[in-house]
Amino acid sequence: MFNEMDYALNLKRVDEIIPRHLSKDWLGMWRALKNKYRIWGITVKKLFLDFDGCIVNSIKAFCQTYNYLYKYKADFVPADWMKVNQWDFGDQCPLLEGSEAVSETFASKHFFKKLEFMPNAKEVLYQLHKEFQIIIVSIGSHLNLARKSMWLYQNLGFVKDVILLNNEGTKMDKLLVNMKDSFFIDDVASNLNSSNAEIKICYGQIYPWNDEWQGIRCVKWNEVIRLLKGGID
Ligand SMILES: [Mg+2]
């Protein structure tokens, strides 16, 4: 079983065995290695984690925002987030005109006001952050990322490591992030496929953007913690 006190003591022991004459650069390298490899029988792991559709129910917040912003338009029919089956929301939000309108909805104040955690996500992440370095990786427009950053600060303050990739002006890809020797959880199969992560987990319900995924799948956050902690003990 993982024991927090043992962990602290063992890391202290590792620090103590470094010869005093070593340079500061070498010490930096040693500390980086310490976080990477099994030392004294303990492995410190990194967990890269997608935001939309993994930590939070973005599909639900998106449909609620669409219903709020478009309700006075002609031919409006309320969107049902449970029935969304298209990446661009074209099936439930047909009044959105092009990718620009989708992007604006994702960046709106109302979207972040409505955004909810996936069931048990916050509780599981709180437990996991004691054993893993959690790094959130998310792609969005400039305004979406600015508001996302504030949302994370206000709602998930114990996660300090966040990589936000701005896709305005260029096509952005999470393969830019080196996930070697780490776990990676995402709901989009193409993100998982292009990553160099050691263990990849597809999160959530089956959608067209992940239905071809053949690897590990977790539908609930309780399954994620069982899997990740099982790998440590
Ligand atoms: Mg996602």
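The model is a predicted one, and its secondary structure comes to nine helices and six strands. Of the 233 residues of the protein, 30% count as buried. Among the contacts with a separation of 6 or more, 59% are accounted for by residues 24 or more positions apart.

**The sheet**

The six strands form an open sheet with parallel pairing, and their order is β3-β2-β1-β4-β5-β6. Its edge strands are β3 (161-166) and β6 (216-218), each of which pairs on one side only. From one strand to the next, the twist averages 25°.

| Strands | Sense | Bridges | Residue pair |
|---|---|---|---|
| β1 and β2 (residues 132-140) | parallel | six | Leu-49 and Ile-136 |
| β1 (residues 45-50) and β4 | parallel | four | Phe-48 and Phe-184 |
| β4 and β5 (residues 199-203) | parallel | four | Phe-183 and Ile-199 |

**Strand β4**

How many of the five residues of strand β4 are buried? Five of the five residues, 182-186, are buried, so the strand is largely enclosed by the rest of the structure. The side on which each residue lies can also be given: Ser-182, Phe-184 and Asp-186 point one way from β4, whereas Phe-183 and Ile-185 point the other way, and all are buried. Phe-184 is the bridge partner of Phe-48, while Phe-183 stands opposite Ile-199 in β5. Together with helix α8 (residues 189-194), strands β4 and β5 make a right-handed β-α-β unit.

**Helix α7**

Helix α7 (residues 142-155) packs on the sheet, where it touches β2 and β3, and its direction makes about 165° with that of β3. The helix has 14 residues and reaches 20 Å from its first C-alpha to its last, which is close to the 20 Å expected at 1.5 Å a residue. Within α7, the residues Asn-144, Leu-145, Arg-147 and Lys-148 are buried. Why do they lie on the same side of α7? They cover an arc of only 165° around the axis, and therefore they are placed on the same side of the helix. On the other side of α7, by contrast, Met-150, Tyr-153 and Gln-154 are exposed. The buried residues of α7 pack against α4, α5 (109-114), β2 and β3, so that the partners of this face include both helices and strands.

**Cys-93**

Leaving aside residues up to four places away in sequence, Cys-93 touches Cys-63, Tyr-66 and Ala-79. One of these, Ala-79, is 14 residues from Cys-93 along the chain, and the C-alpha atoms of the two are separated by 5.9 Å.

Methods. Residues are numbered from 1 along each chain as its sequence is written. This is a predicted model: local features need pLDDT of at least 70, side-chain atom pairs count only at pLDDT 80 or more; totals for chains, interfaces and linings use all residues. Two residues are in contact if their C-beta atoms, placed from the backbone, lie within 7 Å. A residue is buried if 20 or more other C-beta atoms lie within 10 Å of its own, exposed if 12 or fewer, and partly exposed in between; C-beta atoms are placed from the backbone. Helices (H or I, at least four residues) and strands (E, at least two) are DSSP runs, numbered from the N terminus. Two strands pair if DSSP finds at least two bridges between them. A crossover is right-handed if, with the strands pointing away from the viewer, the path from the first strand over the helix to the second runs clockwise. Axes are lines fitted to C-alpha atoms, for helices over the stretch in contact, and angles run from 0 to 180 degrees between N-to-C directions. The expected span of a helix is 1.5 Å times one less than its number of residues. The arc is that of the directions from the helix axis to the C-beta atoms.
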